[in-house]
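Me: Could you walk me through a structure that is new to me? I would like to take it one question at a time.

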Amino acid sequence: MSAVTRPIVQTVPHRRSNKKALRLVLRYVMLTVVLIFAVFPFVWTFAIAITDKRAGTSIYDFPASLFPKAVTLNNFLEVYRTFELGKYVWNSISITALTVVGTLIVSALAAYPLARFRFPGRNIIFAIIVATLVLPGETTFIVNTLTLKNMGLLGTHLGVVIPTIAGAFGIFLMRQAFLGVPTALLEAARLDGAGEMTILTRIMLPLSKPSLAALGIFTLVGTWNAYFWPMLVLSAAPDKAPLSVAVLRLKGQFNYDPFNIAAGSLIMMLPVLLVFLAAQRYFMKGMEGAVK
Amino acid sequence: MTRAQRTQTPRTRSDFSWRDTLMSYAFLAPALILLTLFTFYPLAYGSYLGFTEYGGARFGQGLPPKWIGIENFRTLFADPLFLTSLGNSVKYLVVVPVLQLASLAVAVLVNKNLPGMPFFRAAYYVPVVTSISLAAVMWEWVYNKDGTLNWVLGALHLLPGGAVGWLNGESTAFWAVMLVTFWRGFGYYMVLYLAGLQGIPEELEEAAVLDGASAWQRFWQITVPMMKPTILLCSLLSTIAALRVLEEVLVLTNGGPLNSTYTALMYVYSKAFQGFNFDYGLASAAGLVVAVVALALSVANFRLFRDSDGDDK
């Protein structure tokens, strides 16, 4: 968007400029109301998490609980120790890392021929991949758990990961990136005797870094936050559950210690929030790309 | 592509090189195998299971599926819980127009080069990247009888009947769950609308301003018509998402109180995995019903927008 600054017109009557100012104030008031709606739960959770509970405060003592008198990091330490949160943090990291790496590899491999080669069946395969976007898969989770059971992968991190790594979104995104690489570059590499795998890893991937990063970040946040699927696959192996699943168990166990729950929840949110703040642009751009 | 280039492109089948074809399939193999195993096979086998009696033990150990025709569907439509859940899922669609209008309005609000706009946009997107488990923890405190929602409403003298446990009331739980869906969704659609808004030529707006059109008129006569493709996409996505609501219900109310928040996918999930029935056949049949409704709604969405905009290319 071009930042066209409108020339300030001197002759504008006062009433009109007043009206304009009023409209501006109104806009910010509305924006602030929406802001409170969007972030209030976080602010409150944060306030609870850093409240020193030894002072005997109740989280439901408004508005006092929104402005803790004594601040502490004890809740974080306590929940980390008593609930073995480290174990669940590790599970989350393991599941997320496997998923991100798997998604990037499978998507890049599939996208390369779809973007760069003509071969019999290409259009059909492309259509099949597109179809996964619109087919309603209300029963897939049932059959997939049965399949994982037969493969002996139920209750393992691999079982959570494998069914999720091949997806139309990743293949599309990488195909789009590969289409943008100049053909001359590939032909030069082929003349130098480079194999297709070398071309993919030494030319295509380095030139598609922004798309790889975007896909990686999307996958990371989605996997870190996923609840239903890991809960289902790991229902018989509670020790292998990721944070997103464990946090709700935490709620069941420490129902009367909301301070620890708040602290545990924030530990879970923190990585995603940091990634989001650092890579905000990718998110917005990636989403916008879906419309254009 | 110029004509000279086009004539160089091989068109006939014999022009495909074996080497390229083999290589292409080798590269595609991981994705195709995974998609077949975990997307297409479950779609086909799950549909088949809908017509069988299968389950009874966890993961169907023991008896193989037995074909019983449409028996499961008869059972479903005689089951008051299924009818309630289907009804709730349809009722849940109320969120779609509200969510879409609000997201569009918020997008219009932040679509201006004013100080602080990038901050507001990012902040509104934060609920989208929030895990449902975290949302459940936070919103339960907000909805608690002693929670902030009651405090705010009380302060505004909007609680004539006294404090309400929003998630525990048969009449309020459904709307409380929906508000969480709304909260997690509006930032997502806002970004999509924002992309659409930035595609509207500025001259159009400026000309309308010169002609003396009010902001309201400009919104309805320029923004909305220009945004039609985006609105179609968003309402389609949002309709399907509303019909498939499961996680919010699962973590906030588990279908209660008195099944008032029980949705169709909740029914599918609980028939297959909750309790000791493990009725995969019946659950698959219920899933099929939801899938058919989802498809029908998608088609309806397309029809609706195409018919109201016949001159679209």
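Predicted model: local features only at pLDDT ≥ 70, side-chain atom pairs only at ≥ 80, totals over all residues.

Me: Which residues meet in a salt bridge with 3.0 Å from N to O?

Reply: Residues are numbered from 1 along each chain as its sequence is written, chains are lettered from A and ligands numbered from 1 in the order in which they are written, and side-chain values use heavy atoms, without hydrogens and water. A salt bridge here is a side-chain nitrogen of Lys or Arg within 4 Å of a carboxyl oxygen of Asp or Glu. At 3.0 Å from N to O, the pair is B:Arg19 and A:Glu196.

Me: Which helix gives the largest share of the side of chain B that touches chain A?

Reply: Helices are DSSP runs of H or I with at least four residues, strands are runs of E with at least two, and both are numbered from the N terminus. The share in question is 24 residues, and it comes from helix H2 (residues 18-49) of chain B.

Me: How much area do chain B and chain A bury between them?

Reply: Buried area is the accessible area (1.4 Å probe) that two parts lose on being put together, summed over both. Carbon and sulfur atoms carry 77% of it, and the total for chain B and chain A is about 8800 Å².

Me: Which residues of chain B lose the most area to chain A?

Reply: Three residues together make up 10% of what the chain B side buries. They are B:Phe27, B:Phe38 and B:Trp141.

Me: Why is chain B said to be more spread out than a compact globule?

Reply: Chain B comes to 15 helices and two strands. The radius of gyration is taken over C-alpha atoms, and the globule rule is 2.2 Å times the number of residues to the power 0.38. For 313 residues that rule gives 20 Å, and chain B is more spread out because its radius of gyration is well over that, at 25 Å.

Me: Is A:Asp257 buried or exposed?

Reply: A:Asp257 sits in the loop between helix H12 (243-253) and helix H13 (258-291) of chain A. Beyond its neighbours within four places in sequence, A:Asp257 is in contact (heavy atoms within 4.5 Å) with A:Lys53 and A:Glu78. Buried means under 20% relative accessible area, exposed over 50%, and partly exposed in between (1.4 Å probe, protein chains only). With a relative accessible area of 15%, A:Asp257 is buried.
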